Amino acid sequence: MHRQHFNQSASSERGCKKGAVNSEYNQFIGNSRGGKTTKIHAVVDALGNPVHFMLTGGQVHDASAAIDLLAELEIAGSNILADKAYGSQTIREYITEQKASYTIPPRENCANPWPCDFYTYKERHLVSGCLWHIDSYYT
């Protein structure tokens, strides 16, 4: 076997063993079109402070982590602000069952659009601000 670069080994070509402590599976690193990526799904309070977050691989759709993330919190009486990716009927029904309200705009191709208060929806920038602060620490 011929190595072209110094310190190149077979293990660096294959990566870690499955289930190893530092394997990519345990680090929530996913393969998507953009390469290896990680998504941070976060819930913040009205001041933009992080309350709860979850990491997933970059290929995981946003909506698939929403109910798991909201289940960790007591959301009764709250208004949940989220973008269009979280507007599935399952998520909206879950929020309603928990006696909370939601401000999630419908997608443009939605067959049965629901009303959305876009003035309140503009406050979702608090999540972006929170994630920007987190992002600034590791870049």
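Biologist: Is Cys116 buried or exposed?

Modeller: Cys116 has a relative accessible area of 18% and is buried. Buried means under 20% relative accessible area, exposed means over 50%, and partly exposed lies in between (1.4 Å probe, protein chains only). The model is predicted, so local features need pLDDT of at least 70 and side-chain atom pairs count only at pLDDT 80 or more, while totals for chains, interfaces and linings use all residues. Residues are numbered from 1 along each chain as its sequence is written, and side-chain values use heavy atoms, with hydrogens and water left out.

Biologist: And what does Cys110 count as?

Modeller: Cys110 is partly exposed, at 26% relative accessibility.

Biologist: How many disulfides are there?

Modeller: The count is zero disulfides, a disulfide being a pair of cysteine sulfur atoms within 2.5 Å.

Biologist: New topic: which pattern does the chain follow?

Modeller: Along the sequence, the protein chain reads α-β-β-β-α-β-α-β-α-α, with five helices and five strands. These are DSSP runs numbered from the N terminus: helices are H or I with at least four residues, and strands are E with at least two. Of the 139 residues in the protein chain, 24% are buried.

Biologist: How many salt bridges come out of the count?

Modeller: The count gives one salt bridge, meaning a side-chain nitrogen of Lys or Arg within 4 Å of a carboxyl oxygen of Asp or Glu. Asp62 and Lys39 form it, and their closest N and O atoms are 3.2 Å apart.

Biologist: Which parts does that pair tie together?

Modeller: Asp62 is in the loop between β3 (50-57) and α2 (63-71), and Lys39 is in strand β2 (residues 35-44), so the pair links parts that are 23 residues apart in sequence. Lys39 is partly exposed, at 25% relative accessibility.

Biologist: Let us turn to His41. Where is its place?

Modeller: His41 also belongs to strand β2, and its relative accessibility of 2% makes it buried.

Biologist: What does its side chain make a polar contact with?

Modeller: The side chain of His41 makes a polar contact of 2.8 Å with that of Thr56. A polar contact is a pair of N or O atoms within 3.5 Å; within protein, one must be able to donate a hydrogen and the other to accept it, and residues adjacent in sequence count only if both atoms are side-chain atoms. Thr56 is in strand β3 and is buried at 9% relative accessibility. Another polar contact, of 3.3 Å, joins the side chains of His41 and Tyr86.

Biologist: Tyr86 again, then: which residues have the most contacts inside the largest nonpolar core?

Modeller: They are Leu70, Ile75, Ile80, Tyr86, Ile91 and Ile95, in a core of 14 residues. Such a core is a set of buried Ala, Val, Leu, Ile, Met, Phe, Trp, Tyr and Cys residues joined through side-chain atoms within 4.5 Å. In soluble globular proteins, nonpolar side chains tend to be buried together.

Biologist: Last one: which residues of α3 are buried?

Modeller: Ile91, Arg92, Tyr94 and Ile95 are buried in α3. They cover an arc of only 160° around the axis, which puts them on the same side of α3; the arc is that of the directions from the helix axis to the C-beta atoms. The face turned away from the buried side carries the exposed residues Gln89, Thr90 and Glu97.
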